[in-house]
2 protein chains.
Amino acid sequence: MHVLIIGAAGMVGRKLVDRLVADGGPAGAELTKLTLADVVRPEFPAAFAGDVSTLEVDIADPATAPRLVQERPDVIFHLAAVVSGEAEENFDKGYAINLEGFQHLLHAIERQSIEAPYVPRLVFTSSIAVFGAPFPDVIGDDFLMAPLTSYGTQKAVCELLLNDFSRKGLVDGVGIRLPTICIRPGKPNLAASGFFSNILREPLVGQEAILPVDRDVMHWHASPRAAVGFLLHAAAIDTGPLGGRRCLSMPGVAATVQEQIDALERVAGTKATRLIKYQPDEKIARIVAGWPRAFDPQRALALGFEAESNFDEIIQAHIEDELGGKIA
Amino acid sequence: MHVLIIGAAGMVGRKLVDRLVADGGPAGAELTKLTLADVVRPEFPAAFAGDVSTLEVDIADPATAPRLVQERPDVIFHLAAVVSGEAEENFDKGYAINLEGFQHLLHAIERQSIEAPYVPRLVFTSSIAVFGAPFPDVIGDDFLMAPLTSYGTQKAVCELLLNDFSRKGLVDGVGIRLPTICIRPGKPNLAASGFFSNILREPLVGQEAILPVDRDVMHWHASPRAAVGFLLHAAAIDTGPLGGRRCLSMPGVAATVQEQIDALERVAGTKATRLIKYQPDEKIARIVAGWPRAFDPQRALALGFEAESNFDEIIQAHIEDELGGKIA
């Protein structure tokens with residue numbers, strides 16, 4: 001099996017590569033070739049015995065997608081995107097990469113099929129940003145897509161295109177709407193959602209972290225490990241039961257900040273939770289108030305997608321995957 | 001006021017031009033210039049005293065949109081589209097015209113605003129095809145867009161783009177989801193929806209018509225006159241109350257075929273209804289079974305959009321507008 005990952009140098013992309021190299025292709029398929037593309041050249045997976053191409057590409061360039069699919073990869077993971085804040089600030093860049101990049105990819109796959117049948121599995125990472133307030137307390141699978149950001153709009157449009165190109169038999173698409181990924185490894189960052197990870201990740205290594213919102217704020221989370229699991233499962237499932245609706249809200253954990261902190265205390269004690277400093281930030285509080293709180297992802301659960309069932313497990317996954325199983 | 005109509009040679013476009021020439025611009029504005037564009041050169045509106053350009057253009061050509069907006073029309077009506085059946089059969093053409101043509105238009109307007117502020121009112125004709133089965137009996141304003149055709153997908157995507165470009169202040173968009181237009185003037189055609197008009201239009205002039213479905217089939221209708229009214233109202237309303245959701249299901253008349261025929265009998269007697277021949281067509285019945293039956297368009301009604309209130313009025317509008325007020 002030849003797997004193409006577009007956006008292979010990002011956080012989730014790198015973890016996906018590691019998992020593929022360690023475990024082989026989706027559903028036990030033998031992995032013979034990996035094509036890894038990103039705006040910076042992805043790291044070469046030295047532990048992989050098969051064929052590897054690493055490519056530095058601009059997916060907004062119409063010449064890129066035809067080049068990526070010319071060797072007809074069996075499975076394509078499309079993870080590449082300009083993030084929410086950047087898509088809002090740099091409007092044209094957001095559209096060029098998040099929407100037109102995907103249109104180029106779909107049309108390049110369609111053109112490949114002119115010469116000989118070619119219908120790759122195309123796994124697309126969408127986002128809960130396709131939904132916009134006002135929300136119900138729990139968002140069901142039939143809730144309308146009414147995004148309130150350019151990023152959410154671009155993801156919603158790609159979902160509609162993925163459905164239609166799949167219905168026409170031009171790709172075999174699965175779109176997965178990722179929860180907010182928590183705990184994100186790395187340094188604290190200034191993204192509005194950053195604190196959800198910061199308040200756990202930093203105290204686990206003895207560092208202080210800032211909590212900018214009230215503890216009753218509820219949000220929807222899954223670990224990086226779960227995200228990689230979603231991608232691999234999306235590459236392996238029978239898409240027949242999806243019908244015309246190829247895009248699914250992924251399972252996750254709905255938790256308040258207080259529940260996150262309680263879980264941290266159970267795992268690492270008060271010496272960890274004491275490091276969380278409450279420093280209210282009106283701007284962040286206002287942004288987060290416009291985000292979904294919880295989902296009832298029945299379709300994804302019925303199809304076997306699995307996330308953590310509580311925040312203790314999310315923290316445990318971080319300790320195992322990022323801290324070598326040990327905490328400070 | 002300078003008004004640009006893209007798709008001015010179509011049935012609704014021609015009626016819109018006639019109304020503008022007769023009544024002046026939206027909300028009583030003085031109409032000084034009309035730019036009429038279509039894939040065939042629109043008829044020259046001889047009765048109009050102002051400036052006129054008629055243009056034969058291909059909106060799939062990226063050079064077209066910049067040319068159409070270079071004189072900065074105040075109001076743009078975007079009616080141009082490949083119809084549902086053609087978009088399904090000629091997949092690439094449907095995307096090139098119905099989606100990429102609209103993307104070119106949005107980007108051309110955005111580029112105009114680089115030199116000097118330019119935020120035209122952009123009225124976009126969407127369709128109830130943005131919705132896909134399974135439906136509730138009555139579709140509310142918060143029902144999800146899950147189209148089951150390429151045409152519906154293209155319209156849904158354009159709606160999302162119109163919302164986002166409006167939110168960013170780049171256009172002042174209003175999208176209107178038209179009901180099935182009934183009674184369509186002209187000859188009987190082979191479109192799956194054609195019979196809804198045929199069974200009224202033909203008997204009104206003493207001709208036979210074929211009814212291919214059962215009389216309990218319910219669907220959602222408005223007259224061509226109402227459609228032109230929607231367009232002009234959409235060009236005139238205060239868009240503030242629309243918030244981030246610029247696209248609206250239009251009002252209409254939910255009627256069964258039996259109710260259509262009953263109205264015809266009231267208006268034209270049994271000598272008209274006797275001309276309707278029941279000739280069941282499984283294929284058409286199956287297509288129509290997948291269509292919405294009725295809407296509860298509260299947002300549009302609150303904003304003052306108006307359709308007919310029953311089928312007698314729809315038939316009367318046809319008699320007045322197409323038959324000079326007389327029936328055979």
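**The interface and one residue**

Mentor: The copies meet through the same surface, because 100% of the interface residues of chain A are also interface residues in chain B. Please keep in mind that this is a predicted model.

Trainee: How many residues of chain A are in contact with chain B?

Mentor: There are 32 residues of chain A in contact with 32 residues of chain B. The area buried between the two chains is about 2,600 Å², and carbon and sulfur atoms give 56% of that area.

Trainee: What is the count of salt bridges between chain A and chain B?

Mentor: The count is four salt bridges. One of them joins B:Arg167 to A:Glu88, with the closest N and O atoms 2.8 Å apart.

Trainee: Which rotation superposes chain A on chain B?

Mentor: A rotation of 180 degrees, with 0.0 Å of shift along its axis, superposes chain A on chain B with an RMSD of 0.0 Å. The two copies are thus related as by a two-fold rotation axis. In chain A, the C-alpha nearest the axis belongs to A:Leu144, at 2.0 Å from it.

Trainee: Changing topic, is B:Asp172 buried or exposed?

Mentor: B:Asp172 is buried, because its relative accessible area is 16%, under the 20% cut-off. B:Asp172 lies in strand β6 of chain B, which covers residues 172-178.

Trainee: With which side chain does the side chain of B:Asp172 make a polar contact?

Mentor: The partner is the side chain of B:Arg121, at 3.0 Å. Leaving aside neighbours within four places in sequence, B:Asp172 is in contact with several residues, including B:Leu122, B:Ser166 and B:Arg246.

Key. Residues numbered from 1 in each chain as written. Chains lettered and ligands numbered in written order. Predicted model: local features only at pLDDT ≥ 70, side-chain atom pairs only at ≥ 80, totals over all residues. Heavy atoms only, no water. Helix = DSSP H or I, 4+ residues; strand = E, 2+ residues; numbered from the N terminus. Buried < 20%, exposed > 50% of the residue type's maximum accessible area, 1.4 Å probe, protein only. Contact = heavy atoms within 4.5 Å. Polar contact = N/O pair within 3.5 Å; in protein donor to acceptor, adjacent residues only side chain to side chain. Least-squares fit on C-alpha atoms with pLDDT ≥ 70 in both. Buried area = accessible area lost by both parts, 1.4 Å probe. Salt bridge = Lys/Arg side-chain N within 4 Å of Asp/Glu carboxyl O.
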